[in-house]
Amino acid sequence: MKKTTAIAKIQENSTGMTVLMAIIGLLCLGAVILGVGDSFYHSTFAEKKEEMAQLLSTGTVFAACAFIASYIFRGISRTGIPFTESAVKAMKLIAEVLFAGSFLPNVLLSLFSGKYATLHGSFIEIAMLIPSILIFCFAQFFSYGAMLQKESDETV
Amino acid sequence: MKNANVSKINTLGKVSKVIVVILMAVIIAGIVATSLSAITMATLPEDAIQITGSAETEIVVDESKLGSLAGAMIKTGTLVNIPTTNIHFDQFGTDFSLNVIENKTDDTHYTYNIDGDITKFNCKAFGIAATIGCLAGILILVASLVSCIFGKRLADALAKCDSPFEDNVLKKMKAFGFSLIPFAAVSLIIKGVGLLTALFVLVIILFIFVFNYGAELQKESDETV
C-alpha cells in the first residue's frame, strides 16, 4: 500500500472514530448519571452498593477512555499521521486510566461498605488489566513510529 | 546499538511471552479438569443422587449481649455475613428454591430467616446439563489456547525484532488477529452484533492501515540509511 493511500484511509476511518468515540463517552457518562440518579431518587443506593460501585467505576473509566480516544482520532483525522508524540502520551494515559479501573470498583465497593470487599473475589480485574497492558505495548509501537515519522519528515 | 523504543518493545515481548506461557499452562490445566468433569457428569446414573426435602432456619443476633470486638465483627460482616437471597430454579427436572431474609428489629437485633426447599431432582438431566456446560467451557478454553499459541509467536517475534513494523512482526500480528475470530464468533452467537463488535472491527481495520503506514516509514528509513 502506498504511503499516501494509507494516510487517506487512516484519515477516513479516524473521522468516523472521532465521532463514534465521543458518542460512546457521552453514553457511558449518561448511563452513570442516570443509574446513580435513579438509585438516589428511589433511595436504593445502600441496597445496590455492588451495582453502584461497578457502574460508577466502569462507566467513568470507559467514558474517560472514549473521550481520550476521540481526542487521539481527531488529531489523526486532521493530519492523517498516526505516529505523533501527543498520540503516544494519550495512549499511555488510556493505559493508566484502565489500570486504575482494574481496581477502582473494589476500592469504591470497600468505601461504600465500610469494610474490605471485592466484586468478583479478586482485588484486580483482569478484564481491565489486560487491555491496559496491551494499549501500553501499542503506545511503545507508536512511540517508535513517531521517531520514524520525525526521521521521514527531516529527510523530506 | 538498538533504539531505546525497540529495546522496550523487546522487553515487553519477553514479558508477554512469560505471561502467555503461564496463561497457556493454566488453560491446559483447565481443559484437562473440565474434560474430566464432563466425563464424570456424562456418566452419572439417573438414580445416583436423590434429593428431596425442605429446611427452615432462624438465626437471631443480639448485639447488645456481645462485647465490643464481637459487635464490631458483626457490624463489619466478619462474624455473620449472610447475603439476602431469593432463588427459584425449576429446570432440567429439578425444582429448588432458597430464600434468605434479613429482618432488623432494632439497631442491635438482627434476624435471618433461611428457607430452603427441593421438591424434584433429576440426576441424569443435571448430569447432561452439566456436561453441555463443560463442553461449552472446553470449546472456549480451546479457542483461548489457539489465541495464546499465536500470541506467544507474536511475543516471540516482538522479543527479537529490530522494528515493530518489520514483515515478520506484521505477519505474526495478522495471524494473531485471525486467531481471535473464534472469540468474535462466540461473542456474535451469544450477544449478536452490537456496538462494541462494530467498534472492534473498525479499530482492527484502522490498525491495519496504521501498521501498513508504519511499514512504509520503516522501509523509507532503511532505504535512507
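1. Along the sequence, chain B runs α-β-α-β-β-β-α-α-α-α, which gives six helices and four strands. Helices here are DSSP runs of H or I with at least four residues, strands are runs of E with at least two, and both are numbered from the N terminus. The model is predicted, so local features need pLDDT of at least 70 and side-chain atom pairs count only at pLDDT 80 or more, while totals for chains, interfaces and linings use all residues. Residues are numbered from 1 along each chain as its sequence is written, and chains are lettered from A and ligands numbered from 1 in the order in which they are written.

2. Chain A has five helices and zero strands, in the pattern α-α-α-α-α. Of its 156 residues, 37% are buried. For chain B the buried part is 16% of 225 residues. A residue is buried if 20 or more other C-beta atoms lie within 10 Å of its own, exposed if 12 or fewer, and partly exposed in between, with C-beta atoms placed from the backbone.

3. Contacts are counted when the C-beta atoms of two residues, placed from the backbone, lie within 7 Å. Among contacts in chain A with a separation of 6 or more, 76% join residues 24 or more positions apart. The corresponding value for chain B is 71%.

4. The four strands of chain B form an open sheet in the order β1-β4-β3-β2, with antiparallel pairing. Its edge strands are β1(B) (53-62) and β2(B) (85-91), each of which pairs on one side only. Two strands pair if DSSP finds at least two bridges between them. Neighbouring strands of the sheet are turned by 10° against each other on average, direction ignored.

5. β1(B) and β4(B) (residues 109-120) run antiparallel and are joined by ten bridges. One of the residues bridged to β4(B) is B:G53, whose partner there is B:I118.

6. B:D90 stands opposite B:D95 of β3(B). The hairpin of β2(B) and β3(B) has two residues between the strands, and B:F92 takes a positive phi near 50° in this hairpin.

7. In the helical part of chain B, α3(B) (residues 123-160) and α4(B) (residues 167-179) have axes that come within 9 Å and cross at roughly 165°. Axes are lines fitted to C-alpha atoms, for helices over the stretch in contact, and angles run from 0 to 180 degrees between N-to-C directions. The crossing angle therefore makes α3(B) roughly antiparallel to α4(B). By angle, under 35 degrees counts as roughly parallel, over 145 as roughly antiparallel, 65 to 115 as roughly perpendicular and the rest as oblique. The crossing is left-handed, a term used if the near helix is turned anticlockwise from the far one by less than a right angle, with clockwise being right-handed.

8. Residues of α3(B) in this contact include B:V146, B:F150, B:L154 and B:L158, and those of α4(B) include B:V169, B:M173 and B:F176. The residues of the contact of α3(B) with α4(B) divide into nine nonpolar, four polar and two charged. Ala, Val, Leu, Ile, Met, Phe, Trp, Tyr, Cys and Pro count as nonpolar, Asp, Glu, Lys and Arg as charged, and the others, Gly among them, as polar.

9. In chain A, α2(A) (residues 49-79) and α3(A) (residues 85-101) pack at about 170° with their axes 10 Å apart. That angle makes α2(A) roughly antiparallel to α3(A). Where they meet, α2(A) contributes residues including A:V61, A:I68 and A:I72, and α3(A) contributes residues including A:M91, A:I94 and A:L98. The contact of α2(A) with α3(A) holds 15 nonpolar, five polar and no charged residues.

10. The contact between the chains takes 24 residues from chain A and 25 residues from chain B. On the side of chain A that touches chain B, α1(A) (3-41) and α5(A) (126-155) each supply at least two residues. The largest share of that side, twelve residues, comes from α5(A). By class, the side of chain A that touches chain B has 13 nonpolar, seven polar and four charged residues.

11. Last, B:K219 is found in α6(B) (residues 195-224). B:K219 counts as partly exposed because it has 15 C-beta neighbours inside 10 Å. Its C-alpha atom is separated by 9.1 Å from that of B:F165, a residue 54 residues apart from B:K219 along the chain.
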